[in-house]
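Subject: Structure for you to look at

Hello,

Here is the structure I said I would pass on. My notes on it follow below.

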Amino acid sequence: MSDATDMKDLERRMEGAVNAFVSDITSLRTGRASANILDPVQVEAYGSKVPLNQVSNITVPEPRMLSVNVWDKGMVSAVDRAIRESHLGLNPIMDGQNLRIPLPELNEERRRSLVKVAHEYAEKAKVAIRHVRRDGMDALKKAEKDGDISQDDSRSLSDEVQKLTDGSISRIEDLLAEKEKEIMQV
């Protein structure tokens, strides 16, 4: 753990958690329809969970409507169920192999539920960052125990890992506050 490449690896993994969070909150809509809204939806297909865009085509025919064209007729009900259970508050209307998804008006209650979802995404990202931190700290303890690094080096590297963790969590908090403000803006 003493060489800089492991610190770079921890940094890369924490950055990945932040990027995943950014991707998740981008999918939360604030006004107009966007195909990205359905990015987090996972469909039970062919014995495993796959992203919605791997079993269908998503289009935006009008500002407050999404259209999902499911490629396999047998998957339509699974796609419908996945969208309904996605915590996005969407209710698809089946139309053969197509699903039309009207987007509800963003009232106060809907905005608050979107903020809750954003907080869930933030918590998931923070947990991922804490796991990376734990991995780094465990590697440091092992290296110190094995005699690969001194106690002083272990302490200073532990401080670095903690600073990296604090910085990543702080970025998530900032992004969350920004998204929350955007969602609540009328």
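This is a predicted model: local features need pLDDT of at least 70, side-chain atom pairs count only at pLDDT 80 or more; totals for chains, interfaces and linings use all residues.

Residues are numbered from 1 along each chain as its sequence is written, and side-chain values use heavy atoms, with hydrogens and water left out.

Helices (H or I, at least four residues) and strands (E, at least two) are DSSP runs, numbered from the N terminus. Two strands are said to pair if DSSP finds at least two bridges between them.

The sheet is open and has four strands, in the order E3-E4-E6-E5, with antiparallel pairing. Strand E3 (56–62) and strand E5 (93–95) are at the edges with a single partner strand each, so one side of each has no neighbour in the sheet. From one strand to the next, the twist averages 25 degrees. Axes here are lines fitted to C-alpha atoms, for helices over the stretch in contact, and angles run from 0 to 180 degrees between N-to-C directions.

The pairings are as follows:

- E3 and E4 pair in the antiparallel sense over five bridges. Asn-57 has Asn-69 in E4 as its bridge partner, and a hairpin of two residues joins E3 to E4.
- E4 and E6 also pair in the antiparallel sense, over five bridges. Val-68 has Leu-99 in E6 as its bridge partner.
- E5 and E6 (residues 98–102) pair in the antiparallel sense over three bridges. Met-94 is bridged to Leu-99 in E6, and Ile-93 stands opposite Arg-100 in E6. Two residues lie between E5 and E6 in their hairpin, and Gly-96 in the turn has a positive phi of about 70 degrees.

Ser-67 counts as buried because its relative accessibility is 16%; buried means under 20% relative accessible area, exposed over 50%, and partly exposed in between (1.4 Å probe, protein chains only). Leaving out residues up to four places away in sequence, Ser-67 touches Asn-57, Ile-58, Thr-59, Pro-61 and Leu-99. Contact means heavy atoms within 4.5 Å.

**Helix H2**

What lies across the sheet strands? Helix H2 (residues 76–84) lies across strand E4 (65–70), E5 and E6, and runs at about 20 degrees to E6. Its buried residues are Val-76, Ala-78, Val-79, Asp-80, Ala-82 and Ile-83. Strand E1 (42–45), E4, E5 and E6 are among the elements that cover them.

Asp-80 of H2 is buried, with a relative accessible area of 9%. Not counting residues up to four places away in sequence, Asp-80 touches Pro-92, Met-94 and Leu-99.

**The core**

A nonpolar core is a set of buried Ala, Val, Leu, Ile, Met, Phe, Trp, Tyr and Cys residues joined through side-chain atoms within 4.5 Å. The largest nonpolar core has 52 residues, of which Leu-38, Val-43, Leu-52, Val-68, Val-79 and Ile-83 touch the most other members. Helix H1 (4–26), E1, E4, H2, E6, H3 and H4 each supply at least two residues of this core. H3 gives the most, with 12 residues.

Leu-38 touches Leu-52, Ile-58, Leu-66, Val-68, Ile-83, Leu-88, Leu-90 and Ile-101, again not counting residues up to four places away in sequence.

**Helices H3 and H4**

Helix H3 (residues 108–145) packs with helix H4 (residues 151–184) at an angle of about 170 degrees, and their axes are 10 Å apart. That makes H3 roughly antiparallel to H4 (angles under 35 degrees count as roughly parallel, over 145 as roughly antiparallel, 65 to 115 as roughly perpendicular and the rest as oblique). The contact of H3 with H4 has 15 nonpolar, seven polar and nine charged residues. Ala, Val, Leu, Ile, Met, Phe, Trp, Tyr, Cys and Pro count as nonpolar, Asp, Glu, Lys and Arg as charged, and the others, Gly among them, as polar.

Lys-126 lies in H3 and counts as buried, at 11% relative accessibility. Lys-126 touches Ile-169, Ile-172 and Glu-173, not counting residues up to four places away in sequence.

Regards
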